[in-house]
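Subject: Structure handover

Hello,

Here is the structure I promised to pass on.

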Amino acid sequence: MTVYAEWLEQTRRIFTDGRPLEADPEPSFNGQSVGHWEGNILVSTAFGFEKDTNMESSGLPKSDKAIAYERLWLADDDTLRDEFTLVDPPAFAKPWTVTKTYKRAPPDFKLLPYVCENNRNPTAADGTIQSILKSGDAPKP
């Protein structure tokens, strides 16, 4: 399975061919991921993250021993759920878990190349950042 993120054009591969995680992988931003299917749920384990990998938006600290466990499934035709658990005994007293929910993009949605300036966050004349919430909407301050 391949996960492509628009931000920084990241590509993450979750190998489902039965291979084990390497004991000492070369560190990378997304780590090394292996997974298997349990019915309609993709169960994934990832390890070998760069120290500056941001697992979520708050900048949660972690060590080079962090292991991420995920369970991904379609809750309905338009909703993907990702239950993410980070286990990192040097950094946390107990595992940290969050469930993220993603809505399917409309059929006309296009992934854009990552650049500092794009048409999704236009800048107003006064320098404030605007956002376009839906295709065709006027910018909102």
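Below is what I found, from the whole chain down to single residues.

Please keep in mind that this is a predicted model.

**The chain**

The chain has 141 residues, and 25% of them count as buried. Its accessible surface comes to about 9800 Å². Carbon and sulfur atoms hold 55% of that surface. I also looked at contacts between residues at least 6 apart in sequence. Of these, 28% join residues at least 24 apart.

**The fold**

Read along the sequence, the pattern is β-β-β-β-β-β-β.

The seven strands form an open sheet. Their order in it is S1-S2-S3-S4-S5-S6-S7. The pairing is mixed. Which strands stand at the edges? They are S1 (2–5) and S7. Each has a single partner strand, so one side of each is left without a neighbour in the sheet. On average, neighbouring strands of this sheet are turned by 25° against each other, with direction ignored.

**Around S5**

Start with S4 and S5. Strand S4 covers residues 41–47, and strand S5 covers residues 67–76. The two run antiparallel, joined by six bridges.

Now move on to S6, which spans residues 79–87. How many bridges pair S5 with S6? There are nine, again in the antiparallel sense. The link from S5 to S6 is a hairpin of two residues. Tryptophan 73 has arginine 81 as its bridge partner in S6. Isoleucine 67 stands opposite valine 87 in S6.

**A patch on the surface**

Last, the outside. Tyr4, Phe109 and Leu111 form a nonpolar patch on the surface. Together they have about 290 Å² of accessible area.

Take leucine 111 from that group. Where is it found? Leucine 111 lies in the segment after strand S7, and S7 spans 96–103. Why does leucine 111 count as partly exposed? Its relative accessibility is 48%.

Send me any questions once you have had a look.

Best wishes

Note on methods:
Residues are numbered from 1 along each chain as its sequence is written. This is a predicted model: local features need pLDDT of at least 70, side-chain atom pairs count only at pLDDT 80 or more; totals for chains, interfaces and linings use all residues. Side-chain values use heavy atoms; hydrogens and water are left out. Patches are made of residues with over 30% relative accessible area and no salt bridge: like charges are joined within 9 Å, nonpolar side chains (Val, Leu, Ile, Met, Phe, Trp, Tyr) within 5 Å. Accessible areas come from the Shrake-Rupley method with a 1.4 Å probe; for residues, only the protein chains shown count as cover. A salt bridge is a side-chain nitrogen of Lys or Arg within 4 Å of a carboxyl oxygen of Asp or Glu. Helices (H or I, at least four residues) and strands (E, at least two) are DSSP runs, numbered from the N terminus. Buried means under 20% relative accessible area, exposed over 50%, partly exposed in between (1.4 Å probe, protein chains only). Two strands pair if DSSP finds at least two bridges between them. Contact means heavy atoms within 4.5 Å. Axes are lines fitted to C-alpha atoms, for helices over the stretch in contact, and angles run from 0 to 180 degrees between N-to-C directions.
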